[in-house]
Amino acid sequence: MPLVVPGVTTNDPAVQKTEEWMNKLCGKTLADHTSETTFCKSDLPQPTRIIEPGTMVTKDFNPDRLNVHVGEDGKVSHVVHG
């Protein structure tokens, strides 16, 4: 029987996709090029919203849209689909 730990192991493709982007982006800054500490904005999937502190956003739900949350320091803090 496989080990299933909620929040760690999942077969849900939507959750796996979000976790994949979280691993790629968390702790990096967004820029016009890619390096060890930055991620190129043009490599983000479409549609994507970059949400900075204080940014107003609509509450409409789009399961294909990647919401990239950036902290005060300019680094990606977390991502969600919706």
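## Fold

The chain has one helix and five strands. Helices (H or I, at least four residues) and strands (E, at least two) are DSSP runs, numbered from the N terminus. Read from that end, the order is α-β-β-β-β-β.

This is a predicted model: local features need pLDDT of at least 70, side-chain atom pairs count only at pLDDT 80 or more, and totals for chains, interfaces and linings use all residues. Residues are numbered from 1 along each chain as its sequence is written, and side-chain values use heavy atoms, leaving out hydrogens and water.

## Nonpolar core

Ten residues form the largest nonpolar core: W21, L25, L30, F39, L44, L66, V68, V70, V76 and V79. Such a core is a set of buried Ala, Val, Leu, Ile, Met, Phe, Trp, Tyr and Cys residues joined through side-chain atoms within 4.5 Å. At least two of its residues come from each of α1 (13–25), β4 (66–70) and β5 (76–81). β4 gives the most, with three.

V70 touches L30, I50, I51, E52, P53, K75, V76 and S77, not counting residues up to four places away in sequence. Contact means heavy atoms within 4.5 Å.

## Burial and contacts

Of the 82 residues, 26% are buried (under 20% relative accessible area, 1.4 Å probe, protein chains only). Among contacts between residues at least 6 apart in sequence, 25% join residues at least 24 apart.

## A cis peptide bond

Most peptide bonds are trans. The bond from Q46 to P47 is cis, with omega near 0°. P47 sits in the loop between β2 (38–40) and β3 (48–51).

Conventions:
Buried < 20%, exposed > 50% of the residue type's maximum accessible area, 1.4 Å probe, protein only.
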